[in-house]
Amino acid sequence: MPLRRTFFYLQQGKVKFRDNVHVFAMGFHRNPAEEQSGARDFVYWHWAQLQYHNPKVQLVKHVDKVITPFARAYLNDGREVLFDLDGMRREEIEKTLAKTLGKTELVERRERLESIAKLNPADFGSKNERQCMCEVQGQHPCTGLLKAPKCVTGKWRWNHNLI
């Protein structure tokens with residue numbers, strides 16, 4: 001139990017749903033028969049990882065309300081994807097969900113690179129969105145456009161008796 005609560009364990013999840021998955025529902029029994037225990041074990045070991053990697057997806061558990069274990073995904077265009085999990089182990093369920101509803105490795109790599117290359121709006125310079133600080137509304141204008149007061153230039157002292 002304490003292992004599932006670690007940050008490292010949450011990051012190890014392999015199922016990262018595509019952007020078009022809005023709701024993921026799973027039905028299972030708490031005390032299942034031997035061939036139906038894979039769904040319960042999947043929820044026990046991987047549910048927190050699903051929540052961590054898919055914060056925009058609503059995850060729903062139907063506990064002890066169904067005859068056979070199932071998983072159903074509701075997509076944003078109104079379609080539903082239904083999985084029959086009877087007789088599947090938790091590793092098989094994880095592979096099936098990752099293959100059908102999960103992002104491909106190429107998409108994950110592209111999103112990771114985009115997040116690294118994402119420019120910070122607070123940065124200035126030739127490679128960024130703003131060339132100079134004066135382009136931000138409410139900031140002092142450039143000294144090339146407007147003469148700065150003497151106290152700001154650094155060449156003027158108001159108290160000559162200090163030195």
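Good morning, colleagues. The model is predicted, so to speak of local features we require pLDDT of at least 70, and side-chain atom pairs count only at pLDDT 80 or more, whereas totals for chains, interfaces and linings use all residues. Residues are numbered from 1 along each chain as its sequence is written, and side-chain values use heavy atoms, with hydrogens and water left out.

Let me begin with the annotation. An unreviewed UniProt entry carries the annotation "domain: Ribosomal protein/NADH dehydrogenase" for residues 31–104. UniProt positions are given in the numbering used here, feature names are shortened, and such annotations may be inferred rather than shown by experiment. Within residues 31–104 the chain is 38% helix and 23% strand, where helices (H or I, at least four residues) and strands (E, at least two) are DSSP runs numbered from the N terminus. The end C-alpha atoms of that stretch are 34 Å apart.

I turn now to empty space. Rolling a probe the size of a water molecule over the atoms shows where empty space is left. On a 1 Å grid over the protein atoms alone, a cavity is a set of points where a 1.4 Å probe fits but cannot get out; a pocket is an open set with protein on both sides within 12 Å along at least five of seven lines; and lining residues have an atom within 4 Å of a point. Grid points are joined across faces, edges and corners, and a volume is the space filled by probe spheres set on the points.

How many cavities of 30 Å³ or more does the structure hold? There is one, and the volume of the largest cavity is about 50 Å³. Its lining consists of Gly13, Lys14, Val15, Phe42, His46, Gln49, Leu50, His53 and Glu94. By class, that lining has three nonpolar, four polar and two charged residues. Here Ala, Val, Leu, Ile, Met, Phe, Trp, Tyr, Cys and Pro count as nonpolar, Asp, Glu, Lys and Arg as charged, and the others, Gly among them, as polar. Helix H2, residues 37–53, gives the most to this lining, with five residues.

The largest pocket has a volume of about 380 Å³. Fifteen residues line this pocket, and Phe17, Asp19, His53, Lys103 and Glu111 lie nearest its centre. Strand S1 (21–28) and helix H4 (105–117) each supply at least two lining residues, and H4 gives the most, with three. The lining comprises four nonpolar, three polar and eight charged residues.

The second largest pocket holds about 210 Å³ of space. Among the residues that line this pocket are Arg4, Tyr9, Phe28, Arg40, Tyr44, Trp45, Trp47 and Lys61. H2 and strand S2 (58–63) each supply at least two of the lining residues; H2 gives the most, with six. Eight of the lining residues are nonpolar, none is polar and four are charged.

Where does H2 bend? The bend is at His46, by about 55 degrees, taken as the angle between axes fitted to the seven residues ending there and the seven starting there. The buried residues of H2 include Phe42, His46, Gln49, Leu50 and His53; buried means under 20% relative accessible area, exposed over 50%, and partly exposed in between, with a 1.4 Å probe and protein chains only.

Finally, some single residues. Most residues other than glycine have a negative phi, and most peptide bonds are trans. Asp64, however, has a positive phi, near 55 degrees. Asp64 sits in the loop between S2 and strand S3 (70–75), and counts as partly exposed at 41% relative accessibility. Lys65 lies in the loop between S2 and S3 and is exposed, with a relative accessible area of 66%. His62, in strand S2, is partly exposed at 26%. Leu119 is found in the loop between H4 and helix H5 (150–153), and is exposed at 52%.

Thank you for your attention.
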